[in-house]
Amino acid sequence: MTWPPSASPLGKQLDVVGVGEAMLLLQAPPPESLTEAKHLLVDIAGAEFNAVAAIARAGGRTALLSRVGDDEPGQRVRLAMAALNVERNLIATDPLHPTGLFLRATPPDGSRRVVYYRTGSAASTMDVSDADRLWAAEPPRAVILSGLTAALGDGPRRLIDAIATNAASYGTAVVVDVNARPALGNSLEVVSSIRRILAFTDLLVLGDDESEAIFGTTSPPEVFAAARRAGVKETVLKGGERGCWFASGQGEPVHMPSSAATVVDSVGAGDAFLGGYLSARLVGASARAAAALGSDFAAGVVATVGDTTGLPSKEAASIALSNASLERDERIQHRS
């Protein structure tokens with residue numbers, strides 16, 4: 001499997017499909033708590049949903065592979081996807097299970113308070129059969145898998161395994177965003193699920209607060225070395241407000257500071273970073289240019305309330321992506 005993956009000459013291919021759960025989000029306006037807030041902000045969110053929304057904003061063709069309930073929150077998920085130009089044909093409607101819900105608050109100290117109601121949700125019933133929708137048409141260039149989906153249960157973990165192990169045969173790159181959340185439980189199962197698919201992973205994105213569980217270390221050089229030994233082709237290590245580390249080829253990890261100047265709501269930053277980074281890599285930009293674009297996307301998201309409201313406009317995102325790809329063009333001209 002070539003990384004980054006090339007586009008199909010037919011021009012009908014999705015660039016990226018996220019596999020996961022989009023939920024109804026009820027959020028207390030920062031810095032209010034859930035117990036004190038008089039009003040709650042209503043939105044749609046979910047890690048894979050946020051990431052493919054960011055890629056769509058940069059002009060990529062994206063979709064979400066998931067299930068929602070036959071209910072008004074499920075209808076709202078579909079409306080939000082349409083508004084963000086995320087294709088909806090891979091969403092299945094489950095008449096027997098509800099759409100997931102979560103509550104969130106961001107206190108003044110910047111920490112995150114989240115209460116999930118996703119046990120028994122429609123997305124938690126996903127299983128290997130859901131992969132049929134992914135491969136039914138022309139397979140996407142890349143697919144995003146995460147620990148959040150693995151935390152949903154045995155069926156979603158089987159789905160992740162099946163997609164990861166079969167993606168290369170369809171010419172689809174595997175992107176793994178660890179997103180291990182202890183609050184969701186199933187920590188051991190989630191870590192085991194992520195470790196199982198590392199050998200099939202083309203791009204691994206994880207936080208240094210997650211690397212200890214996956215690789216037993218938080219040291220960037222050690223994390224990158226461990227990922228290479230596991231079979232990962234490319235790794236990005238996120239450090240929150242400290243920025244990120246990336247590497248080109250087999251080189252040592254390079255640190256890039258965060259470009260965030262204002263932090264109002266830190267949630268969604270990692271998803272926006274992944275969206276920007278992956279968008280750039282899919283147009284052939286270097287890891288450095290991709291990390292810079294990802295950092296800029298994340299900076300916009302943390303400066304506002306909500307997971308996708310801070311994304312750049314379509315026009316601004318297009319210009320930023322073009323600038324990121326210039327480095328690729330300059331490298332090609334230099335070699336020639």
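Here are some questions and answers on helix packing and backbone geometry in this predicted model.

Q: At roughly what angle do the axes of helix α5 and helix α6 cross, and are the two roughly parallel or roughly antiparallel?
A: Take α5 as residues 154–166 and α6 as residues 187–197; their axes come within 10 Å. The crossing is at roughly 10°, and angles under 35 degrees count as roughly parallel. So the pair, α5 and α6, is roughly parallel.

Q: Which residues make the contact of α5 with α6, and how many of them are charged?
A: From α5 come R157, I160, D161 and A164, while α6 brings E189, S193, R196 and I197. Sorted by class, that contact of α5 with α6 has three nonpolar residues and one polar residue, and the charged ones number four.

Q: Which residues of α6 are buried, and what is the arc they fall within?
A: The buried residues in α6 are V190, V191, S193, I194 and I197. Looking down the axis of α6, they line one face of the helix, because the arc they fall within is 160°.

Q: What covers the buried residues of α6?
A: S193 and I197 are buried in α6, and S193 and I197 also take part in the contact with α5. The cover over the buried residues of α6 includes, besides α5, the elements β9 (142–146), α4 (147–150), β10 and α7.

Q: What is the handedness of the crossing of α9 and α10?
A: Helix α9 spans residues 269–282 and helix α10 spans residues 287–302; the axes come within 7 Å and cross at roughly 145°. The crossing of α9 and α10 is right-handed.

Q: In the contact of α9 with α10, how many residues are nonpolar?
A: On the α9 side you'll find A269, A272, F273, G276, Y277, A280 and R281. Facing them in α10 are A287, A290, A291, L293, G294, S295, F297, A298, V301 and V302. By class, this contact of α9 with α10 has one charged and three polar residues, and the nonpolar count is 13.

Q: Where do the buried residues of helix α8 sit around its axis, and what do they pack against?
A: P220, V223, F224, A226 and A227 are the buried residues in α8, which runs over residues 220–230. They line one face of the helix, since they fall within an arc of 165° seen down the axis of α8. The buried residues of α8 pack against β11 (203–207), α7 (211–215), β12 (234–238) and β13 (244–246).

Q: Which residue follows α8, and what is its phi?
A: The helix α8 is followed by G231. The phi of G231 is positive, near 110°.

Q: Is N85 buried or exposed?
A: N85 lies in the loop between α2 (72–83) and β5 (86–87), and its phi is positive at about 65° although it is not a glycine. Exposed means over 50% relative accessible area. At 51% relative accessibility, N85 therefore counts as exposed.

Q: Is N179 buried or exposed?
A: N179, in the loop between β10 (173–177) and α6, has a positive phi near 45° and is a residue other than glycine. The cut-off for buried is under 20%. With 7% relative accessibility, N179 therefore counts as buried.

Notes
Residues are numbered from 1 along each chain as its sequence is written. This is a predicted model: local features need pLDDT of at least 70, side-chain atom pairs count only at pLDDT 80 or more; totals for chains, interfaces and linings use all residues. Side-chain values use heavy atoms; hydrogens and water are left out. Axes are lines fitted to C-alpha atoms, for helices over the stretch in contact, and angles run from 0 to 180 degrees between N-to-C directions. Helices (H or I, at least four residues) and strands (E, at least two) are DSSP runs, numbered from the N terminus. Angles under 35 degrees count as roughly parallel, over 145 as roughly antiparallel, 65 to 115 as roughly perpendicular and the rest as oblique. Contact means heavy atoms within 4.5 Å. Ala, Val, Leu, Ile, Met, Phe, Trp, Tyr, Cys and Pro count as nonpolar, Asp, Glu, Lys and Arg as charged, and the others, Gly among them, as polar. A crossing is left-handed if the near helix is turned anticlockwise from the far one by less than a right angle, and right-handed if clockwise. Buried means under 20% relative accessible area, exposed over 50%, partly exposed in between (1.4 Å probe, protein chains only). The arc is that of the directions from the helix axis to the C-beta atoms.
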